[in-house]
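I opened the notebook to record what I looked up in this structure. The entries follow in the order I made them.

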Amino acid sequence: MQFIDFKKEHFTRPANSNKFYLDIPRDEIGFAEIDVKQATEGEQYEEVDYEISDDLDKVVIKMRNPADIRVNF
């Protein structure tokens, strides 16, 4: 399994939304199953609430609050 780490600064918040978005190009992660974990202290990762929107060319991760995350694929 591979992963990519993202900082909370990578998230954007559209003016008409109460959620934060992170777009990941499909060519970076392929079409594998995606799992998102939130970073905690000491290189640990825990479950986090998120939504995923799948497109042909990108994956969009939506969260109520931005956080440092690890996307496993």
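I began with Asn-72, which is found in strand S7 (residues 69–72). Strands here are DSSP runs of E with at least two residues, numbered from the N terminus. The model is predicted, so I noted that local features need pLDDT of at least 70 and side-chain atom pairs count only at pLDDT 80 or more, while totals for chains, interfaces and linings use all residues. Residues are numbered from 1 along each chain as its sequence is written, and side-chain values use heavy atoms, with hydrogens and water left out.

Is Asn-72 buried or exposed? I found that Asn-72 counts as buried, at 12% relative accessibility. Buried means under 20% relative accessible area, exposed over 50%, and partly exposed in between (1.4 Å probe, protein chains only). I then listed its contacts, meaning heavy atoms within 4.5 Å. Neighbours within four places in sequence aside, Asn-72 touches Met-1, Gln-2, Phe-3, Glu-33, Ile-34, Asp-35 and Lys-37.

Next I looked up the sheet. Four strands form an open sheet in the order S1-S7-S3-S4, with antiparallel pairing. Two strands pair if DSSP finds at least two bridges between them. Strand S1 (3–6) and strand S4 (44–47) are the edge strands, each pairing on one side only. I checked S3 (residues 35–40) against S4: 4 bridges join these antiparallel strands. Gln-38 stands opposite Glu-46 in S4.

Then I turned to charged pairs. Side chains of opposite charge can pair when their charged atoms come close. A salt bridge is a side-chain nitrogen of Lys or Arg within 4 Å of a carboxyl oxygen of Asp or Glu. I noted 6 salt bridges in the structure.

Asp-5 forms one with Arg-70, and their closest N and O atoms are 2.7 Å apart. This pair links distant parts of the chain, with Asp-5 in strand S1 and Arg-70 in strand S7, 65 residues apart. Asp-5 is partly exposed at 39%, whereas Arg-70 is buried at 16%.

Lys-58 forms a salt bridge with Asp-23, at 3.7 Å between the closest N and O atoms. Lys-58 is in strand S6 (residues 58–63) and Asp-23 in strand S2 (residues 20–25), 35 residues apart.

Which side chain does Glu-47 meet in a salt bridge? The partner is Lys-37, at 2.2 Å from N to O. Glu-47 lies in strand S4 and Lys-37 in strand S3, so the pair ties together parts that are 10 residues apart in sequence. Glu-47 is exposed at 56%, but Lys-37 is buried at 18%. My last entry is that Asp-35, Lys-37 and Glu-47 are linked in a network of salt bridges.
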